[in-house]
Amino acid sequence: MARSGLAAAARVARWADAALGPGGDGATADGKATLSDATAERAAAELGLTVVQARADWDTARLAGLIEVHGDSARPGWRLRAWNRDDSAVLRGWVALFDAWSLAHPEPADHEPAAVAEVVSAMPQVLSFLQLSAGPVPVAQLLDLLEQRVTELRTERCEIPYGPQPEPVEPPQDADTPLAPLLDWALHALASVGALTYGDGQATLTPLGSWAVWVKLEQICVAAQSPAGNIEQSAEDMLRGCAQLRPNAARAEYRAWLAARPVKSAVTELVDAARGDDALLRGLAFEALRVVGAPAEPDVRAVVEESTLRPYALLWLAEHDGVDPEDAHEVLTREEATWLWVDTAAAVADHGEAPMLVRHLESAVQPTVPLLLDEVRAVGHPRTVQVLVALAAAHPDPALAKAVRRAAFQVHTGGS
């Protein structure tokens, strides 16, 4: 189902890979993520689509991570490279689109932005209810649940702290916003990405949507179990197997894996794994290289000028030179630290749980969230949109979630 639902997006992504490679015309206008008029018309003509269809498929490909846009140029994402051989890459691409449902379908223009943000924040509970119902649910019942959840969010936002209080303020304008049109928008948006079917006054999760919600619930409820048999695996598979282990157990696995092969080839394998597109494996590869120690220094020093590996390599070298790990981040420039923050957030978004992503906010070098968002947008990490969408979906503060979601939309559209 995921392959079928993303087939049109994958087709546009493959076309972009072939037609917009190095030396080709720019894919976007003025460095924005939206297809330039000339490129959209060319894509439509060569693929037998309308311009509107070509643009829609392009946007879907971007949200699913099949295309990454850098300035005026586009390149295939790692999921497209793995599309034919790795089912998990297809599923992760669809989950990225599912998480970005509110960007995939234009929101109503005549509603308070705060009310829209509240509905987006409340939809995980609605989706969980649909998943548990395992069948069609009347929209009236979903509206009742949505209204209860939005009321809870507003109550949490208006909790009165201890101590002297300012004069009462007028209730927010969105307090009386009717939610039925916003629920209609949300259900249509979720239907547009293939998460549910919506019609005849009821909604039903598709098998794919039910699976995605179940997986997210499982991530919260089920503790990961320790893998076995990592010693004979490739570096990439070994790192994946260690992803859910505690640090001490993971280091023991790294030592056992390293002991079973020549150091030089092991280091080469680990560096190659770090060059991949999975941010989690990048971080774990450098943790394994820390276990290697001095023999890995030449290889680590050799990748300092590779942009995706530079922050990791600089931290590794600083710690290798005796800098306290807690102070090692000081060797990074502000831009490098921000890039690393986004890369780590991408790993958490792909493999972690929502509370971990919320806690990751505290590790940012920027003192405020608006400043962080400005610098995250400027740093140009290819996973910026997916990270911001996941953070907005995970954060319990509707106001902050709204700001993060707005930033994701601006990055997605190339706006300011």
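**Figure 1. Overview of the predicted chain and its contacts.** Residues 24 or more positions apart account for 65% of the contacts in the protein chain with a separation of 6 or more. Contact means heavy atoms within 4.5 Å. This is a predicted model: local features need pLDDT of at least 70, side-chain atom pairs count only at pLDDT 80 or more, and totals for chains, interfaces and linings use all residues. Residues are numbered from 1 along each chain as its sequence is written, and side-chain values use heavy atoms, with hydrogens and water left out. The protein chain has 22 helices and five strands. These are DSSP runs numbered from the N terminus: helices are H or I with at least four residues, strands are E with at least two. Of the 416 residues in the protein chain, 46% count as buried. Buried means under 20% relative accessible area, exposed means over 50%, and partly exposed lies in between (1.4 Å probe, protein chains only).

**Figure 2. Confidence along the chain.** The mean pLDDT of the protein chain is 84, and 88% of its residues reach 70 or more. Here pLDDT is the predictor's confidence in each residue, from 0 to 100. Among the elements, strand S2 (residues 73–76) has the lowest mean pLDDT, 76. Strand S5 (residues 202–205) has the highest, 96. Over residues 159–163 the pLDDT is below 50, and this stretch has one contact in the model beyond near neighbours in sequence. Over residues 222–228 the pLDDT is also below 50; here the model has five contacts beyond near neighbours in sequence.

Figure 3. A nonpolar core is a set of buried Ala, Val, Leu, Ile, Met, Phe, Trp, Tyr and Cys residues joined through side-chain atoms within 4.5 Å. The largest holds 131 residues. Trp94, Met123, Leu239, Leu270, Leu289 and Trp341 touch the most other members. Leaving out residues up to four places away in sequence, Leu239 touches Tyr254, Leu270, Ala273, Leu281, Leu284, Ala285 and Ala288.

Figure 4. A kink of about 35° lies at Ala122, shortly before the proline Pro124. The bend at a residue is the angle between axes fitted to the seven residues ending there and the seven starting there. Ala134 follows H8 and is found in the loop between H8 and strand S3 (137–138). Phi of Ala134 is near 55°, a positive value in a residue other than glycine. Ala134 is exposed, with a relative accessible area of 69%.

**Figure 5. Aromatic pairs.** A pair of aromatic rings is described by the distance of the centres and the angle of the planes. Rings of Phe, Tyr and Trp (its six-membered ring) pair if their centres lie within 6.5 Å; planes under 30 degrees apart count as stacked, over 60 as edge-to-face and the rest as tilted. The count comes to three aromatic pairs. The rings of Trp94 and Phe98 have centres 5.3 Å apart and planes at 10°, so the pair is stacked. Both residues lie in helix H6 (residues 87–99), four residues apart, and are separated by about one helical turn. Both Trp94 and Phe98 are buried. Trp101 and Trp185 form a tilted pair, with 5.3 Å centre to centre and 50° between the planes. This pair links distant parts of the chain: Trp101 is in helix H7 (residues 101–104) and Trp185 in helix H10 (residues 180–192), 84 residues apart.

**Figure 6. Surroundings of Trp185.** Trp185 has 4% relative accessibility and therefore counts as buried. Leaving aside neighbours within four places in sequence, Trp185 is in contact with Trp101, Ser102, His105, Pro106, Glu107, Pro108, Val116, Val120 and Arg405. Trp185 and Val116 are 69 residues apart in sequence and 9.7 Å apart in space, C-alpha to C-alpha.

**Figure 7. Leu80 in helix H5.** Leu80 is found in helix H5 (residues 78–81). Leu80 is buried, with a relative accessible area of 8%. Not counting residues up to four places away in sequence, Leu80 touches Ala10, Ala13, Arg14 and Leu66.
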